[in-house]
Amino acid sequence: MTEQEMHDRNLPEKPSWTDPLFLRIFRGFRIAVQPGKMILAILAVLTWFVGGWGVTELEFYINTIYEGESLDWQAERERMQQANEDDLADLITTGLLSMGESVQKRQDETVTRWADSALTKIKGDYQAEFKEALALMKKKYEAQRDYINERYGEIESGSDQAERRARKKAEEQEADAACEGLFNALVEGEADLARLEEWMGQLSIANETEKQLMQKTVQLAQAFKLAQVTAGQGIFETFVNFKLERLHTAVYELVWKRDLVAAKSQIYKLLVGTCWLVRFHPIYSAGLIIFGLIIWSIFGGAICRMAALQAARDERIGAWRALQFSGGKFASFFSAPLIPIAIIVMIAAFILLGGLIGAIPYVGEIVAGLLVFFVLFCGFVIALLAVGLTGGFYLMHPTIAVEGSDSFDAISRSFSYIFARPWRTGFYLVVAAVYGAICYLFVRFFVFLLLFTTHLPARIMNIDGSFMVGSRGKLDALWAAPTFNHLRMGFYDIQWQSLHPTEMIGAFCIWIWVTIAAAAVLGFVISYFFSANTIIYYLLRKHVDATDLEDVYLEKDTEDLLRPPTPAEEETPAAATTKKKVKKAAPKTAKKTAKVKKVKRKKPPSA
């Protein structure tokens, strides 16, 4: 073989754009829904939410946001806080509420502290008044239903039988509607006085003391809602809800309406939300990023490892085995995205130091002019790292999972593949994103169908009314009907104060299982993300390095388990030991023979 032939043989393969290898991306759905990966993804989602909510409850850092807060100037945020505070102060000093002492504390405390103390006071008063008003409403509702039953009694046959039955049903519906409307007013505080008077009249609440109780409870409900807004909401809850809403809307616009502009707008809002978090809450965002990296290094690395073996060799390993792999490679998974960021920060610090030197009078401008080339070079390196990190961070976990290497190899390969095949990489990402959006809608519809078909026959529970609010069915009080856009109720959306203790236990258990079912949708998104990126890594490696798609790193014990035993390994231990002894003895015999032959050559020839 000539030198040119050897050179051509070692060149990477250059497939054409019509190469159907990209169709392997469509295996992402089948790989992602594998039970082991879904379990790991659901565990990752639950860990992420529990950790995020836990950090929100810590008191060492003010981690709340305010209604209307967005990516805007600090003065605008302070103006919104002041406006909410003023509205709350006006509300709790008017009408039947007399909380002037709470407003006086406003001069001595900060906005957030005053809002927190006001929220605590209003919440205590509201819960006490709500319990009393709810008991009164239940009593009046049951009395009204008994009065209707006694008034009509047994409807006997006759010419007016149908008319009397219709009037009875209409009066029962009026009582139910009045009870439901009054209950919603007590919870939401969103009813005008005329409507409130009408509902109280239908339930025969005519006593002035009873009317004042209902009106005061409605005002406390309004004050409680406004106090929650003024005190702020958890950053994590708001951020995650915003992200999920934007993601769902983007997929809906892309797949159902085929409106690329609207989908792009939603994706832009996703990026803006991240910028908002980093800008206004830098400490919280840094902690959230570190916590997220820990979770995705463990669970994401395990999912990538399972996807790597399944995509390359169509072999499956258990979730525990994959977690052992990701645990052993945790340092590599965790540090791979951080190393480029650390380098960028160090180079930026060097540029900052140069700027400080340039600020020295007389000498600084000369030094800055002489060093401008090095500063520009540093800027070039930062731009290169930023582009590589943005375009290749999703390939770092698959690199470690496929190659069994470290973080430096993950950075090197992801950067080189992105810069070597940028358009092909973009093409793969678009295909994976569109296909993933369709699969996401399918999985979401499947989970909705699961919840709906469970909730529908279970509505038989509604033949028995809720203990505290008889106009509501028992199941409706415990579990609201799921919809495609809202698969589950939030924990604080359940009206816990209107439930009997036994109903609270049932509602809590239902909420846990429905939440786990809804978490499967997010679990699929995570599993598909890592599985599709693993397939994309295989394809890019094939095009850049001409490496076989079946080439994957196997751990020693895993490889021994997967490889069929050879005839030599099937021998008995005694035979293997004897064979080793013979092999060890053979070289000594050969050496002795060689020495003998060498001595014989030295003998002089005979005469």
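## Ground rules

The model is predicted, so local features need pLDDT of at least 70 and side-chain atom pairs count only at pLDDT 80 or more, while totals for chains, interfaces and linings use all residues. Residues are numbered from 1 along each chain as its sequence is written, and side-chain values use heavy atoms, with hydrogens and water left out.

## The overall picture

The protein has 23 helices and two strands; helices (H or I, at least four residues) and strands (E, at least two) are DSSP runs, numbered from the N terminus. Of its 607 residues, 40% count as buried. Here buried means under 20% relative accessible area, exposed means over 50%, and partly exposed lies in between (1.4 Å probe, protein chains only).

Contacts across the sequence are well represented: among those between residues at least 6 apart in sequence, 77% join residues at least 24 apart. A contact means heavy atoms within 4.5 Å.

## Helices α10 and α11

Let's start with helix α10 (residues 235-255) and helix α11 (residues 260-280), whose axes come within 7 Å and cross at roughly 165°. Axes are lines fitted to C-alpha atoms, for helices over the stretch in contact, and angles run from 0 to 180 degrees between N-to-C directions. The two helices are therefore roughly antiparallel; angles under 35 degrees count as roughly parallel, over 145 as roughly antiparallel, 65 to 115 as roughly perpendicular and the rest as oblique.

On the α10 side the contact includes Phe 239, Phe 242, Lys 243 and Leu 247, and on the α11 side it includes Ile 267, Leu 270, Thr 274 and Trp 276. The residues of this contact divide into 13 nonpolar, four polar and four charged. In this scheme Ala, Val, Leu, Ile, Met, Phe, Trp, Tyr, Cys and Pro count as nonpolar, Asp, Glu, Lys and Arg as charged, and the others, Gly among them, as polar.

Thr 274 of α11 is partly exposed, with a relative accessible area of 33%. Leaving aside neighbours within four places in sequence, Thr 274 is in contact with Phe 239 and Lys 243. The C-alpha atoms of Thr 274 and Lys 243 are separated by 9.0 Å, although the two are 31 residues apart along the chain.

## Helices α7 and α8

Next come helix α7 (residues 161-188) and helix α8 (residues 193-202), with axes that come within 9 Å and cross at roughly 135°. That makes the pair oblique, and the crossing is left-handed. From α7, Glu 174, Ala 177, Ala 178, Gly 181, Leu 182 and Ala 185 take part; from α8, Leu 196, Trp 199, Met 200 and Gln 202 do. By class, this contact has seven nonpolar, two polar and one charged residues.

The axes of α17 and helix α18 (residues 407-420) come within 8 Å and cross at roughly 120°. This pair is oblique too, but its crossing is right-handed. Met 396, Thr 399, Ile 400 and Glu 403 of α17 meet a set of α18 residues that includes Asp 409, Ala 410, Arg 413 and Phe 415. Five nonpolar, three polar and three charged residues make up the contact.

Thr 399, found in α17 (residues 396-403), is buried, with a relative accessible area of 0%. A polar atom of the Thr 399 side chain lies 2.6 Å from the backbone oxygen of Leu 395. Not counting residues up to four places away in sequence, Thr 399 touches Gly 404, Ser 405, Asp 409, Ala 410, Arg 413 and Tyr 537.

Most residues other than glycine have a negative phi. Ser 204, in the loop between α8 and α9 (208-231), has a positive phi of about 60°, and at 41% relative accessibility it counts as partly exposed. Ala 546, in the loop between α21 (501-545) and α22 (556-562), has a phi near 55° and is partly exposed at 30%.

Finally, Phe 446 of helix α19 (residues 422-458) is exposed, with a relative accessible area of 53%. Phe 446 and Val 521 are 75 residues apart in sequence and 9.3 Å apart in space, C-alpha to C-alpha.

Conventions. A polar contact is a pair of N or O atoms within 3.5 Å; within protein, one must be able to donate a hydrogen and the other to accept it, and residues adjacent in sequence count only if both atoms are side-chain atoms. A crossing is left-handed if the near helix is turned anticlockwise from the far one by less than a right angle, and right-handed if clockwise.
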